[in-house]
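Please open the structure in your viewer and keep the selection panel at hand. The tour below moves from one selection to the next.

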Amino acid sequence: MADPKGFLKYPRQDDPMRPIMQRIKDFNVMELDLDMAERRKQAARCMNCGIPFCHHGVFFGGGRAVSGCPNDNLIPEWNDLVYRDQDKRAFERLSRSNMLPDMTGRVCPAPCEVSCVQALNGAGITIRNNEKFIIEQAFKHGWVVDSGKPLHRTGKKIAVVGSGPAGIAAAWRLNQLGHAVTLFERDDRFGGFLMYGIPNMKLPKDVVQRRIDTLTKVGIELVANTEVGKDITADELKKTFDRVVICTGAREARDLKVPGRELSGIMQATDFLKAATQTVLKDGSAANDQLKGKHVLVLGGGDTGNDCIGTAIRQGCADITQLEITPALPAELTPQNQWPEWPMVLKTGYGQKEAKALFGDITAYASTVTAFFGKDGQVKEAEISQVDHFKPVAGTEKKIKADLVVLAMGFTGAEQWLFDQFGITAKNDNFTTNDTQIYVAGDCRRGPSLVIWGIHEGRMCAEKIDASLQTLASEKI
């Protein structure tokens, strides 16, 4: 283990955040890095527990939350190696299971940390920050590309459709196993939700692009601006490739069907965040005045809603209102929700903290919109209401100004039309489908989830495909 008294000697210290009034002036990264000496102290806090809940993803019944990492990351091992100043070995351990620690080290909510044994009586290990340190050391010293190169080529060709976390992880692992991989993306840039769904201050786009560049360096072919099922048919893909992996995510956004929904200025969060990122990529990371003088309404209290708040602030909005249809969570753990479960308690996101500093409390819980009103086809007001069991309460209606409404209410699932193109009627737990040539992984298989789940699904799907090709080869001998 690391220092056996490390957890007693060193208090938890997270990577610091830039001050609110400084960071809202640009779209640059918010989270800074600890110095190396302090990072090794943080790794020394790991106790290498007999049962490391941090890297055992466990689900509890009755709708209760997940505990630990679902990707079987060897967390105590690489914490110990960071403490011992053996960063290359730490990277080798980390990259055995996690193909994208440069992403999870920045955006993962870290269920591993709340299930850390130290979280029983204090603060868990800074696992996410330690992970980011390891991968940055790996890129700095040139270890990443070598880790993705295969020992030999099999002669088999695999198409991966979608370049989000699951698609990148599947492509990376398949390439490691020696297969020739082509990654298809319908957008102009690769990365899926990593590129266009998470704002730059949370996940810098040069970090995403750096990872995309490594895909090319290890021999993966990248094809952008190509929508499978339209620009290239399902039959063409099946004729050209030995296997096809669909990793298109859960992109069907939940909508709000109320009077006035057709007005301009009401948009899905994914469209809002994509446009904001495209502006940053084109014009630079300084804050801008795209929303100067505008009243913004955000529907949804999750991470995406929080990202929309932070983005709207940097675009100079006049004020923000956020509605969350569910009641506020308790401030502390309840007897029914204890370690090592995910804590179902009230949290304040970075965007909400920024908004509070500028405008005061902006979030109304157990509330929704019942109608929109506009002028000349443009939304100008929203009628909001309190809800009880998700139904509006009569007599609680009131109108608020709303020049821009962002719907961040989550996703209902995958876009079904692509699966229809391939004739897919079954998505199985082992990543197979009713067509032995077609596999599926990530959110489009299991539903909307975390980046780490996409990575896990992509990796396991790749290994399932490799096993099927080896079986096929042995049958021909």
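Begin with the largest cavity, which holds about 100 Å³ of space. A cavity is a set of points on a 1 Å grid over the protein atoms alone where a 1.4 Å probe fits but cannot get out; lining residues have an atom within 4 Å of a point. This is a predicted model, in which local features need pLDDT of at least 70 and side-chain atom pairs count only at pLDDT 80 or more, while totals for chains, interfaces and linings use all residues. Residues are numbered from 1 along each chain as its sequence is written, and side-chain values use heavy atoms, with hydrogens and water left out.

Select Cys69, Asn73, Cys108, Cys112 and Glu131, the closest to the centre of the largest cavity among its 13 lining residues. Helix α8 supplies the largest share of this lining, 3 residues. By class, the lining has 8 nonpolar, 3 polar and 2 charged residues.

Next, select Cys46, Cys49, Cys54, Cys116 and Ile125, which lie nearest the centre of the second largest cavity. Its volume is about 80 Å³, and helix α4 (residues 75-83) gives the most to its lining, with 3 residues.

Finally, select Ser115, in the loop between α7 (111-114) and α8 (127-141). Is Ser115 buried or exposed? Ser115 counts as buried because its relative accessibility is 0%, where buried means under 20% relative accessible area with a 1.4 Å probe, protein chains only. The side chain of Ser115 reaches the backbone nitrogen of Gly68 at 3.3 Å, and a polar atom of that side chain lies 3.1 Å from the backbone oxygen of Cys112.

Conventions
Helix = DSSP H or I, 4+ residues; strand = E, 2+ residues; numbered from the N terminus. Buried < 20%, exposed > 50% of the residue type's maximum accessible area, 1.4 Å probe, protein only. Polar contact = N/O pair within 3.5 Å; in protein donor to acceptor, adjacent residues only side chain to side chain. 1 Å grid on protein atoms, 1.4 Å probe; cavity = no way out; pocket = protein on both sides within 12 Å on 5 of 7 lines; lining within 4 Å. Points joined across faces, edges and corners; volume = space filled by probe spheres on them. Nonpolar A, V, L, I, M, F, W, Y, C, P; charged D, E, K, R; others polar.
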